[in-house]
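Subject: Structure handover

Dear colleague,

Here is the structure I promised to pass on to you. Please have it open while you read the notes that follow it.

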Amino acid sequence: MGAVGRWRSESARAHYLRAYDAAMAALPRAGETFDVSTTFGTVRAYRFGGPGGRPVLLLPGRNASTPMWADNLPGLLARRTVYCVDLLGEPGLSVQQLPLTGPGDQAWWFGELLAGLGLDSVHLLGVSFGGWSAVNYAVHQPARVASLALLDPVLTFAPIPFRTMAAFAPMGLAGTPEWLRRRILRWITGGAEVDEDNPVAALIDAGTADFELHQPAPTRFSRAQLAALDVPVLALIAGRSVIHDARRAADTARTTLRHGQVELWASASHAITGEFPDEIAARAHRFWDGVDG
């Protein structure tokens, strides 16, 4: 049996939970908290009550979790009820119990989550690895997906450059010095310093330091898989992203998606959610209103 994601030690888990609680305090109060049993483990999810209509579910990036949406939730909740999830196998309050062996397993537990939440039709919004996860679910189990909103999704429309792969490599090693881990995070997020006074930045930093990932490496979607998506897709590509060639990603999205709205946000980095929360909320609401209308 393969390994599952786990804390490096009890002290590492305690350190992360302190950071998680501090970051959650910056969010609106969740109306409901769920721990949904799936084949591969228990998934933590939250419901933040907003106006009626078809809800939205947010998928965070790698080494992140629900509190990363602190800047985004107020704008999204103005028009929609929002669910957030801590992805299984990532740092957060979900508890992985069986190894995930590939994209099919990742789509399977997510489908069980939506069923457990009673969400028969939902808009999915994901950033980075969360965007990949949203597309992966739609590729394998599209029935519950009303639309996809993708914020600089990794390995979706273009490959990861070699230099970025090389930069990522030390992040998963227990002995990586803190200064190097922060330097890599700063580069990925467009040059912003890791600010310990920022609860979300401190949480992501804790996730990379305290948690040992054992996820299958995400594989890039084929053009045929993207072309087969029969749901509306909003793709916002960050022009300063280091996870792909932004223009190549935007071109691929435009030429493959059957129902795509593709925008290249030239001044955005891969930290697009924190850089443009109000603009993302406004654009996403127009997209969702159009889909539901």
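A salt bridge, as the term is used here, is a side-chain nitrogen of Lys or Arg within 4 Å of a carboxyl oxygen of Asp or Glu. By that criterion, a search of the whole structure finds 14 salt bridges.

Before the details, please note that this is a predicted model, in which local features need pLDDT of at least 70 and side-chain atom pairs count only at pLDDT 80 or more, while totals for chains, interfaces and linings use all residues. Residues are numbered from 1 along each chain as its sequence is written, and side-chain values use heavy atoms, with hydrogens and water left out.

Helices (H or I, at least four residues) and strands (E, at least two) are DSSP runs, numbered from the N terminus. Buried stands for under 20% relative accessible area, exposed for over 50%, and partly exposed for what lies in between, with a 1.4 Å probe and protein chains only.

The N to O distance of D289 and R80 is 3.1 Å. R80 is buried at 4% relative accessibility, whereas D289, at 32%, is partly exposed. Both belong to a network of salt bridges that links R54, R79, R80, D289 and D292.

R283 forms a salt bridge with E263, with the closest N and O atoms 2.6 Å apart. This pair joins helix α11 to strand β11 (residues 260-265) across 20 residues of sequence. R283 is buried at 9%, and E263 is partly exposed at 25%.

Helix α2 (residues 73-77) contains G75, which is in contact (heavy atoms within 4.5 Å) with A281 and H285, leaving aside its neighbours within four places in sequence.

Elsewhere, E212 in strand β9 (residues 211-212) is paired with R8 in the loop between β1 and α1, 204 residues apart, and their closest N and O atoms are 3.8 Å apart.
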